[in-house]
Amino acid sequence: MGAGLVAVPAPAQAAEPVYWSYAASTGATYVKLLDGVVQSDLTAQSSVTGGAKSSSSKNSTAAANILNLAELGAVETTTDATVQQVLGQPQTTLKSWARTAQVKLLGGLITADALETTVTTTGRANGTGSYTANSRLANIKIAGVKLPLNIPKNYAVTIPGVASVTLNYTLHGKIEQPEGDLIGTMGWAVGVTLLQPLGGYSAGVTLLVNPVNQYLSEVAPSSGASFGGTAYGSRVQANVSDAVTVVSDPTARVGTPVGGSNGRTLSNSTLAVRVPGVLNTGAITSTTMSKKDAFGNGEITNTNRTTGINLLGGLVKANAVKVTAAGKLQDGQWTSDMKMELVNLVIAGQKIPIDVSPNTILNIAGLGQVALNLQQTNTNGAYQNAITAVRVTLDTAQAGLPIGAVIELGVAYTAIAPPAA
């Protein structure tokens, strides 16, 4: 199904008050250079945004490798938002959980069998908030540093001349503002900031493992259209019997907020993706921009650009692919625009033209069905469009994937639901 036109926001209900809007994200790693030149946001990201209704997200990957900074084994993340009535009053609770196995940072200067982080933030109708947070650091070791058996909150150490390190870190706060208070919690299991250049990275580079960001904002009932949508670089899904096993969930995924981004561009990126034997990529960047007014008009533009693609040992290769999905609702009229851009896409030795037609289907011997520039629209209840640059459905077992496994590259979709009458 891929992006699938399934995440349809419900039409805004004017009679249903939203006491808190929420946004939360959970990941395995985060890397950022102070001047922004090197950035890798939230690998294995799960995230939720919304207001009046509960939502849930999860993600996983078999391994992650950030050159010269981090080598990680299996990663799982979940992010949940629960909106409920407690003693007759509305309450919103955000919960993030991340587990990263076989951690090796800075070439082995920091190691751990597993890092597990849980963070919860709750907002109540009277404007008060609370939180809990903790990271379990299984068999963590830092070269030249003696650590306590039980790592306390916000514990800090230094690897002399190499890096400053924070462990089991949490920061929680509340900002009072006229339009509604903001409650936020952030945390991570391990944070590393380089004190001097290392492995090709300059001093000041920050690496976080199990980063969590949670925000609750008091809001008035929302008006106008409701939004949905996402963009991501790759996804690998394998069907085994009647179960579904996800090998690699959406990478560098960004989601469109239900209430829009007020014209701001939100982005997520990662330096590289490695699914051993299946998929290698270079940098992936996804963006979303959305805005609306109180009269039911709105627009969304979502994009993904994925570089350095090598799929299934070179059966599919590309320097870069980029997809854009845009939707606009103006005075009751919806317009849709989708486009794909290719740089040297080659499939089983066949060069794909840059102007390949929408919904082109190729049947490649020894690989399977390949859909190119796959475009879909739907106007049933909400206005939606979706584009996928490349979708491969295997007809032979490959690299540990069974027949029927699906691999996607370059996905973007949008959804706009007009307000209820």
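**Cavity lining and strand content of the chain**

The lining of the largest cavity is made up of nine nonpolar, nine polar and two charged residues (nonpolar: Ala, Val, Leu, Ile, Met, Phe, Trp, Tyr, Cys and Pro; charged: Asp, Glu, Lys and Arg; polar: the others, Gly among them). The model is predicted: local features need pLDDT of at least 70 and side-chain atom pairs count only at pLDDT 80 or more, while totals for chains, interfaces and linings use all residues. Residues are numbered from 1 along each chain as its sequence is written, and side-chain values use heavy atoms, with hydrogens and water left out.

A cavity is a set of points, on a 1 Å grid over the protein atoms alone, where a 1.4 Å probe fits but cannot get out; lining residues have an atom within 4 Å of a point. One cavity of 30 Å³ or more was counted. The largest cavity holds about 180 Å³ of space, a volume being the space filled by probe spheres set on the points, which are joined across faces, edges and corners. Of its 20 lining residues, Thr43, Thr61, Ala64, Ala272 and Val273 lie nearest the centre. At least two lining residues come from each of β5 (55–61), β6 (64–66) and β22 (273–275).

The chain has 33 strands and zero helices (DSSP runs, numbered from the N terminus: strands E, at least two residues; helices H or I, at least four). Of the 421 residues, 51% are buried (under 20% relative accessible area, 1.4 Å probe, protein chains only). Thr388, in strand β32 (residues 383–394), is buried, with a relative accessible area of 2%.

Methods
Buried means under 20% relative accessible area, exposed over 50%, partly exposed in between (1.4 Å probe, protein chains only). On a 1 Å grid over the protein atoms alone, a cavity is a set of points where a 1.4 Å probe fits but cannot get out, and a pocket is an open set with protein on both sides within 12 Å along at least five of seven lines; lining residues have an atom within 4 Å of a point.
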